[in-house]
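User: I would like to learn how to read the architecture of a helical protein model. Could we proceed from the overall fold to individual helices?

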Amino acid sequence: MAEHYLIDEFHPRLEPVLRELYDNHKERAAKIDWSYHDFIPWEKGRSFKTEPWDISQRTLSDGLYTAVETALLTEVNLPWFTTHLAVTFKKSISVLTEFVHTWTAEEDQHSSLLETYLIITRNANPTELKQIRKFVVEQGYEPDLENALETMVYTAIQELATMVFYNNVAKIATDHDPDLAALLRRLSKDESLHFAFYRDACREYLGVDHNFIYYIEKVMTNFRMPGVQMPNFDERMSTASKEANYGPVAYFRQVYEYLINYWGVKDLQPSRPEAQEAKIRLLTHYDKMKRITERLAAKGSS
Ligand SMILES: [Fe+2]
Ligand SMILES: [Fe+2]
């Protein structure tokens, strides 16, 4: 099949450059190592036995609460993200498997931080949150991505989108809840390092062969966040857009367009017809999204 013919993941230049990216990642991550317990306002904790939860105890606005709960329900699916990455990367360059181990260990405290914060501060109904969390994890996540590069393109977009989301929500949270703003900024720093690894790995693939745009196009034109199967996902996204500073305009400008430029899509010169067509499709998709974004921005959307 044409798509398999295009792939030469085992190009001798890729292994050493990916190894270097991984070493850089570990070095940077070691400098900002942290523990989630440092970011929880433990002094706000009270027993739910003597003082049961009720909605009047919630201090966050609906918009902020929805944004943080949605982030949590994305982070809780880590076991499924790890499964997908581990299975896909196993067939690829071996350093990618090492990276997934490090990445999982770092991601592992994200949901703990968000969940503990929501429960300790009594913003979440603990019983309801537990039910929805269980539902989401039981749904799992099995993306339709076939090889390591497709998976890394997807993850680069997702990590950057998550990083921007945390930063943008943190801006709104600063005045209402400085603890929340600080923890979101903390998470955002982790995501920025993950994003940098995947982003640069994809760029190295393109450096070896411009025809790899074929896979980038496939993922970029079909991208949806991994939370689509959580209850009321579209409603959550529309609330985040109106009240938490993250919507389609932020996605296009801070994520999608950034990656199109970083990967130098416009200047790529693929030699294979399938890849040449993919480049045209991607740039057409980009132009369409740009027009839609400009219209939304003119109406004041985030
Ligand atoms: Fe995360
Ligand atoms: Fe991440």
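**Reading the fold**

Analyst: In this predicted model, the protein follows the pattern α-α-α-α-α-α-α-α-α-α-α-α along the sequence. The radius of gyration is 20 Å, close to the 19 Å given by the globule rule for 302 residues, so the protein is as compact as a globular protein of that length. The C-alpha trace spans about 70 × 45 × 35 Å along its principal axes.

User: Among contacts between residues at least 6 apart in sequence, what percentage join residues at least 24 apart?

Analyst: That share is 85% in the protein. As for burial, 37% of the 302 residues are buried.

User: Why does the distance between the end C-alpha atoms of helix H7 agree with its number of residues?

Analyst: Helix H7 covers residues 148-176, and at 1.5 Å a residue its 29 residues should span 42 Å; the end C-alpha atoms lie 41 Å apart, which agrees.

User: Is H7 mostly covered or mostly uncovered?

Analyst: H7 is mostly covered, with 25 of its 29 residues buried.

User: Which residues of H9 and H12 meet?

Analyst: From H9, Ile-213, Tyr-214, Glu-217 and Met-220 take part. They meet Glu-274, Ala-275, Ala-278, Lys-279, Arg-281 and Leu-282 of H12.

Notes. Residues numbered from 1 in each chain as written. Chains lettered and ligands numbered in written order. Predicted model: local features only at pLDDT ≥ 70, side-chain atom pairs only at ≥ 80, totals over all residues. Helix = DSSP H or I, 4+ residues; strand = E, 2+ residues; numbered from the N terminus. Rg over C-alpha atoms; globule rule 2.2 N^0.38 Å. Buried ≥ 20, exposed ≤ 12 C-beta atoms within 10 Å, placed from the backbone. Contact = placed C-beta atoms within 7 Å. Expected span 1.5 Å × (residues − 1).
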